[in-house]
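Subject: Handover of a protein structure

Dear colleague,

Please find below the structure that I am handing over to you.

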Amino acid sequence: MNVINATTPDQDRPRVIALPPLVYLGFLLLGILTDLIWPTTLGAFPTRLVLGGAFLATGLVLAAWAVRTFARAGTHVEVYRPATVLVTQGPYRLSRNPIYLGLSVAHVGAAILANSLWALLLLLPALALIRYGVIAREEEYLERRFGEAYRRYKNAVRRWI
């Protein structure tokens, strides 16, 4: 774990283009609204309930584990605040972005539960926005902030899974 002085200026933060939870929520709601205009179906209710519930629960547990890992390390989870620690333990041993991975899995589950193919399909542009408008900017920031320690971590752990 690499600790940095927490008294960094406000300018020391990634310049992401949107708050990630709002990106997922926005595309999910857009899909559900689109489904009201052009209805789709993803299968029988009992199957959707089990499958959607499993995806939703798994995604939320993964995201919560990642957030808790940040809290235990004493750094900020909010993308508009500076990172004080390079977190490499817990779910961050397996993925550099377990929160976004968890939110993506939860989005799949919510789309299945909502019986909305549109919401499922709109995960693709949401992922593009997250990848290029959030993750790329965070990676640039973390490399500036933590230097060689982040480059070693980036080479050792995959971006998603």
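The protein exposes about 8,800 Å², and carbon and sulfur atoms supply 67% of that area. Please note that this is a predicted model.

Overall architecture

The protein holds six helices and two strands. Along the sequence, these elements follow the pattern β-α-α-β-α-α-α-α. Taken along the principal axes, the box filled by the C-alpha atoms is roughly 50 × 25 × 25 Å. The protein has 161 residues, of which 44% count as buried. Among contacts with a separation of 6 or more, 82% are made by residues 24 or more positions apart.

Leu33, Leu36, Ile37, Trp38, Leu117, Trp118 and Leu121 make a nonpolar surface patch of about 730 Å². Two helices, helix 1 (20–37) and helix 4 (117–121), each supply at least two residues of this patch. One of the patch residues, Trp118, is found in helix 4. Tryptophan 118 counts as partly exposed because its relative accessibility is 30%, and partly exposed covers the range between under 20% (buried) and over 50% (exposed).

Aromatic pairs

The structure holds three aromatic pairs, and I describe two of them here. In one, the ring centres of phenylalanine 70 and tyrosine 92 are 5.1 Å apart and the planes stand at 35 degrees, so the pair is tilted. This pair links distant parts of the chain: phenylalanine 70 belongs to helix 2 (residues 45–73), whereas tyrosine 92 belongs to the loop between strand 2 (85–86) and helix 3, and the two are 22 residues apart. Both phenylalanine 70 and tyrosine 92 are buried.

Tyrosine 150 and tyrosine 153 also form a tilted aromatic pair, with 6.2 Å from centre to centre and 55 degrees between the planes. Both of these tyrosines lie in helix 6 (residues 148–156), where they are three residues apart, about one turn of the helix. Tyrosine 150 and tyrosine 153 are both buried.

Charges over rings

Tyrosine 132 lies in helix 5 (residues 123–146). The charged end of arginine 131 sits over the ring of tyrosine 132, at 4.7 Å from the ring centre. Tyrosine 132 counts as exposed because its relative accessibility is 57%, and the cut-off for exposed is over 50%. Although tyrosine 132 and isoleucine 17 are 115 residues apart along the chain, their C-alpha atoms are separated by 9.2 Å. In another arrangement of this kind, arginine 145 lies over the face of phenylalanine 146, at 6.0 Å from the ring centre.

A buried histidine

Finally, which residues does histidine 107 touch, not counting those up to four places away in sequence? Histidine 107 is found in helix 3 (residues 98–113), and the residues it touches are Tyr24, Phe27, Leu28, Ala119 and Leu123. Histidine 107 counts as buried because its relative accessibility is 3%, and buried means under 20%.

With kind regards

Notes:
Residues numbered from 1 in each chain as written. Predicted model: local features only at pLDDT ≥ 70, side-chain atom pairs only at ≥ 80, totals over all residues. Heavy atoms only, no water. Helix = DSSP H or I, 4+ residues; strand = E, 2+ residues; numbered from the N terminus. Buried < 20%, exposed > 50% of the residue type's maximum accessible area, 1.4 Å probe, protein only. Contact = heavy atoms within 4.5 Å. Phe/Tyr/Trp six-rings, centres within 6.5 Å; stacked < 30°, edge-to-face > 60°. Lys NZ or Arg CZ within 6 Å of the ring centre and 35° of its normal. Patch = residues over 30% accessible without salt bridge, like charges linked within 9 Å, V, L, I, M, F, W, Y side chains within 5 Å. Areas by Shrake-Rupley, 256 points an atom, 1.4 Å probe, with all protein chains shown as cover. Salt bridge = Lys/Arg side-chain N within 4 Å of Asp/Glu carboxyl O.
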